[in-house]
Amino acid sequence: QTGTAQYHTSSKLGPMSTSTNDVSASTNELFRRAFTAQSEWKKDELCTVVHWLRQGMAVILGLVWGLIPFTGSTGVYLFLGANVALPFLYYTQFLGVDDEELVGRFALIQEGFPSSTSIFLVFWIASYNLLHV
């Protein structure tokens, strides 16, 4: 021990650590575990991973929907279904998380949902217009 104070990385528990090495190490560890089946998770970590998973999925599906080209409510409803089902299957089947015990089912289903829907619409509209209009 070097005599420096150790802080929690959650802002709810105390001051954030200012070391960029700590942040990058924890981020690398977090995303390494995101691709490791049956990993152990804390509530905040799992919420972060689910949030960013949805954002990435929204970009990819928005581009795919623009390429296909989907139009109208069919594309919106398909995305909304995928936006609920795919992350749910990811964290219950692949990660093996009991969502009701750890966070609550609704909390994980809504984590990142509004922002990913917005991102999806931006990428869908832009890719559709660039390719088909």
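Which residues in α3 meet which residues in α6? In this predicted model, Gly72, Gly75, Val76, Phe79, Leu80, Asn83 and Val84 in α3 are in contact with Phe113, Ser116, Thr117, Phe120 and Trp124 in α6. Sorted by class, this contact of α3 with α6 comprises seven nonpolar and five polar residues, with no charged residues. The axes of helix α3 (residues 72-94) and helix α6 (residues 113-132) come within 11 Å and cross at roughly 140 degrees; α3 and α6 are therefore oblique to each other, and their crossing is right-handed.

Helix α3 also packs with helix α2 (residues 43-67), at an angle of about 145 degrees and with the axes 10 Å apart, and the crossing of α2 and α3 is likewise right-handed. On the α2 side, the contact involves Leu46, Val49, Val50, Leu53, Arg54, Met57, Ala58, Leu61 and Trp65, which meet Gly75, Leu78, Phe79, Ala82, Asn83, Leu86, Pro87, Tyr90 and Tyr91 in α3. By class, the contact of α2 with α3 has 15 nonpolar, two polar and one charged residues.

Aromatic rings were examined next. The count comes to six aromatic pairs; the rings of Phe88 and Tyr91 have their centres 5.7 Å apart and their planes at 80 degrees, so this pair is edge-to-face, the cut-off for that class being over 60 degrees. Phe88 and Tyr91 lie three residues apart in helix α3 and are thus separated by about one helical turn. Phe88 is partly exposed, with a relative accessible area of 26%, whereas Tyr91 is buried, at 0%. Ring pairs also link Trp65, Phe70, Phe79, Phe120 and Trp124 into a cluster.

Definitions and conventions
Residues are numbered from 1 along each chain as its sequence is written. This is a predicted model: local features need pLDDT of at least 70, side-chain atom pairs count only at pLDDT 80 or more; totals for chains, interfaces and linings use all residues. Side-chain values use heavy atoms; hydrogens and water are left out. Axes are lines fitted to C-alpha atoms, for helices over the stretch in contact, and angles run from 0 to 180 degrees between N-to-C directions. Helices (H or I, at least four residues) and strands (E, at least two) are DSSP runs, numbered from the N terminus. Angles under 35 degrees count as roughly parallel, over 145 as roughly antiparallel, 65 to 115 as roughly perpendicular and the rest as oblique. A crossing is left-handed if the near helix is turned anticlockwise from the far one by less than a right angle, and right-handed if clockwise. Contact means heavy atoms within 4.5 Å. Ala, Val, Leu, Ile, Met, Phe, Trp, Tyr, Cys and Pro count as nonpolar, Asp, Glu, Lys and Arg as charged, and the others, Gly among them, as polar. Rings of Phe, Tyr and Trp (its six-membered ring) pair if their centres lie within 6.5 Å; planes under 30 degrees apart count as stacked, over 60 as edge-to-face and the rest as tilted. Buried means under 20% relative accessible area, exposed over 50%, partly exposed in between (1.4 Å probe, protein chains only).
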